[in-house]
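Here is a short briefing on one structure. Look at the sequence and the model first, then read the points below.

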Amino acid sequence: MSALFHPKEDIVVSASMDQTVRVWDISGLRKNTPNSAPGTFDTFDNFSTVKYVLEGHDRGVNYAVFHPTLPLIISAADDRQIKLWRMSDLKAWEVDACRGHFNNVSSAVFHPKHELIVSCGEDKTVRVWDLAKRSAVQTFRREHDRFWVLASHPELNLFAAGACQLLALDAN
């Protein structure tokens, strides 16, 4: 359901309806430059290998993202959970889960400057979680909106949540 590049390393994280999160090694792209002619594309599997397969969700995974500076991943899924995963050079494993959504979790992102996670879901809420405690610290509810996607501002303490209408939040 999603795929995102790591901010510094040659890896990609993907989320899938097969209940897994996968981390892909794309360092082969540096060795074999893809076809860059206009209108032509090389397939991803020619330049990537699966580094880790993260299993632990009980339903499809909607979104996964890397932490901007730490070796962490969060994933959001239809099992109503946000899972926190840690990576090392040799393996990746589940650390914990944030529980509190009452329906599918559509998206979750790390706060760019604070130790927080922001999530949104089909339960009509946007939730802010303490990363260290894995507990909810704030909930925003919109009675007539199901939230599908989140974005964080790179400099300001703002998040945007996509629903039928746009909701901008100050995470303070």
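The side chain of Asp 78 makes a polar contact with the side chain of Asn 62, at 2.7 Å. A polar contact is a pair of N or O atoms within 3.5 Å; within protein, one must be able to donate a hydrogen and the other to accept it, and residues adjacent in sequence count only if both atoms are side-chain atoms. This is a predicted model: local features need pLDDT of at least 70, side-chain atom pairs count only at pLDDT 80 or more, and totals for chains, interfaces and linings use all residues. Residues are numbered from 1 along each chain as its sequence is written, and side-chain values use heavy atoms, with hydrogens and water left out.

**Around Asp 78**

- Asp 78 sits in the loop between β6 (72-77) and β7 (81-87). Strands are DSSP runs of E, at least two residues, numbered from the N terminus.
- Asp 78 is buried but has no salt bridge. Buried means under 20% relative accessible area, with a 1.4 Å probe and protein chains only. A salt bridge puts a side-chain nitrogen of Lys or Arg within 4 Å of a carboxyl oxygen of Asp or Glu.
- The nearest side chain of opposite charge is Arg 59, 6.8 Å away. Lys and Arg count as positive, Asp and Glu as negative; His and the chain ends are not counted.
- Leaving out residues up to four places away in sequence, Asp 78 touches Met 17, Arg 59, Gly 60, Asn 62 and Asn 104. Contact means heavy atoms within 4.5 Å.

**The sheet**

- Four strands form an open sheet in the order β5-β6-β7-β8, with antiparallel pairing. Two strands pair if DSSP finds at least two bridges between them.
- β5 (61-66) and β8 (92-99) are the edge strands, each with a single partner, so one side of each has no neighbour in the sheet.

**β7 and its partners**

- β6 and β7 pair in the antiparallel sense over 5 bridges. Leu 72 has Arg 86 of β7 as its bridge partner.
- Their hairpin has 3 residues between the strands, and Arg 80 takes a positive phi near 75 degrees there.
- β7 and β8 pair in the antiparallel sense over 7 bridges. Arg 86 has Trp 93 of β8 as its bridge partner.
- β7 is mostly covered, with 6 of its 7 residues buried.

Technical notes. Buried < 20%, exposed > 50% of the residue type's maximum accessible area, 1.4 Å probe, protein only.
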